Amino acid sequence: KYKAIYSGVEEGFFEVESLDNKHGHISITGKEVIPCIYEDGHYFEEGVSPEKLNGKWGMINWENETVIPFEYEDIWGCNNNRISAKLNGKWGIIDKFNNTLIDFKYDEICNYLTRDCGSMPAKMGDKWGIIDIYGNTLFDFIYDDCDNLNEKGRYKFKQNGKWAIYNCEKNNFISDFVYDKIDLFVNGICEVRLNGKDDYIDETNTPISDFTYDFVHHFYWTNLIAVTKNGKTGLMNTGGKILITPKYKDVIKYASENMLVMEDDNCTQYVVDI
């Protein structure tokens with residue numbers, strides 16, 4: 001009977017959207033525990049959920065009681081009792097009691113952090129910087145871009161066309177601004193490009209294969225990585241051990257413990273037993 005059912009995180013509550021585009025929450029048994037009266041909404045985190053009512057955002061608890069008044073232009077979920085909220089065109093940080101923890105003066109704030117994180121990216125104008133959880137500036141607003149890499153407080157920053165990795169738990173950069181690209185961390189590793197070569201690094205910025213290959217591709221939820229060198233494809237594991245020396249002229253589309261699915265120039269796929 002719903003137009004959509006979205007994520008559920010706490011208490012078995014799932015955000016739902018009714019056929020007339022209103023948002024509420026149901027239990028895992030399908031009981032409507034929060035009526036579909038809101039114009040938009042999200043899932044519960046730390047006992048509160050952002051909801052939109054009469055064009056403004058606020059927060060409710062599991063009993064549908066308003067804990068953050070509906071006065072904000074935008075609001076994000078609760079993370080360690082810190083909530084990103086937008087007021088009068090600027091972002092700040094509030095707590096679950098609507099106390100202002102960081103003033104509303106930023107154009108963006110990234111508050112997706114673990115309990116061990118002591119800092120977060122923020123944006124003023126067209127530049128990014130890094131502030132601590134009290135709003136003090138740790139790194140000046142000189143960076144051209146920023147994006148999240150994983151749920152452990154890793155972010156990438158761009159300066160003068162190059163990327164570096166910042167660790168919000170260490171409150172410092174764990175790499176220099178040397179990478180041409182940095183992808184998301186998956187299973188503790190992420191793909192990077194350096195001087196035209198691809199590799200995977202772990203969360204300490206240690207490369208797997210010392211940038212030996214022209215192209216690498218991790219088959220997610222396995223420990224297998226396709227590697228290409230001089231137009232030939234092979235296979236290594238996430239520990240950097242070569243399982244198959246690059247010898248295939250075709251592309252590895254999928255790998256498992258005992259087979260490869262290959263694809264030739266005509267997009268024809270075939271299986272190779274290994």
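Colleague: Where is the place of Cys267?
Modeller: Cys267 belongs to the loop between strand E29 (259-263) and strand E30 (269-273), where strands (E, at least two residues) and helices (H or I, at least four) are DSSP runs numbered from the N terminus. This is a predicted model, in which local features need pLDDT of at least 70 and side-chain atom pairs count only at pLDDT 80 or more, while totals for chains, interfaces and linings use all residues. Residues are numbered from 1 along each chain as its sequence is written, and side-chain values use heavy atoms, with hydrogens and water left out.

Colleague: And what is phi of Cys267?
Modeller: Phi of Cys267 is near 65 degrees, which is a positive value in a residue other than glycine. Cys267 is also exposed, with a relative accessible area of 56%; exposed stands for over 50%, buried for under 20% and partly exposed for what falls in between, with a 1.4 Å probe and protein chains only.

Colleague: What about Asn98, what phi value does that one have?
Modeller: Asn98 is not a glycine either, and its phi is positive, near 70 degrees. Asn98 is found in the loop between E11 and E12, and with a relative accessible area of 22% it is partly exposed.

Colleague: Stepping back, how many helices and strands does the secondary structure of the protein come to?
Modeller: The protein has zero helices and 30 strands. Its C-alpha trace spans about 65 × 50 × 30 Å along the principal axes, and 45% of the 274 residues count as buried.

Colleague: Which residues have the most contacts inside the largest nonpolar core?
Modeller: They are Ile109, Met120, Tyr155, Phe157 and Phe173, in a core of 22 residues. A nonpolar core here is a set of buried Ala, Val, Leu, Ile, Met, Phe, Trp, Tyr and Cys residues joined through side-chain atoms within 4.5 Å. The elements that give two or more residues to this core are strand E11 (90-94), strand E12 (100-106), strand E14 (119-124), strand E15 (127-132), strand E18 (154-159) and strand E19 (162-167). E15 gives the most to this core, namely three residues. There is also a second, separate core of 11 residues, which includes Ala226, Leu260, Met262 and Val272.

Colleague: In what sense do E15 and E16 pair?
Modeller: E15 and strand E16 (residues 137-143) pair in the antiparallel sense over three bridges; strands count as paired if DSSP finds at least two bridges between them. Trp128 has Tyr143 in E16 as its bridge partner. The hairpin of E15 and E16 has four residues between the strands, and in this hairpin Gly135 takes a positive phi near 100 degrees.

Colleague: Changing topic, what is the order of the open sheet of three strands?
Modeller: The order is E21-E22-E23, and the pairing is antiparallel. Strand E21 (181-182) and strand E23 (197-202) stand at the edges with a single partner strand each, so one side of each is left without a neighbour in the sheet. Strand E22 (residues 189-194) is joined to E23 by six bridges, and Ile189 stands opposite Asp202 in E23.

Colleague: Going on from E23, where is Thr206 found?
Modeller: Thr206 is in the loop between E23 and strand E24 (215-218), and at 40% relative accessibility it counts as partly exposed. Thr206 and Val216 are 10 residues apart in sequence, and their C-alpha atoms are 16 Å apart in space.

Colleague: Now the largest pocket: which residues lie nearest its centre?
Modeller: Tyr43, Glu45, Trp76, Gly77 and Tyr112 lie nearest the centre, out of 13 residues that line the largest pocket. A pocket is an open set of points, on a 1 Å grid over the protein atoms alone, where a 1.4 Å probe fits, with protein on both sides within 12 Å along at least five of seven lines, and lining residues have an atom within 4 Å of a point. Strand E9 (74-79) and strand E13 (108-109) are the elements that give two or more residues to the lining, and the largest share, three residues, comes from E9.

Colleague: Glu45 is in that list; is Glu45 at its relative accessibility buried or partly exposed?
Modeller: Glu45 counts as partly exposed, at 22% relative accessibility, and its place is in the loop between strand E5 (40-41) and strand E6 (49-53). Glu45 and Gly129 are 84 residues apart along the chain, and their C-alpha atoms are separated by 26 Å.
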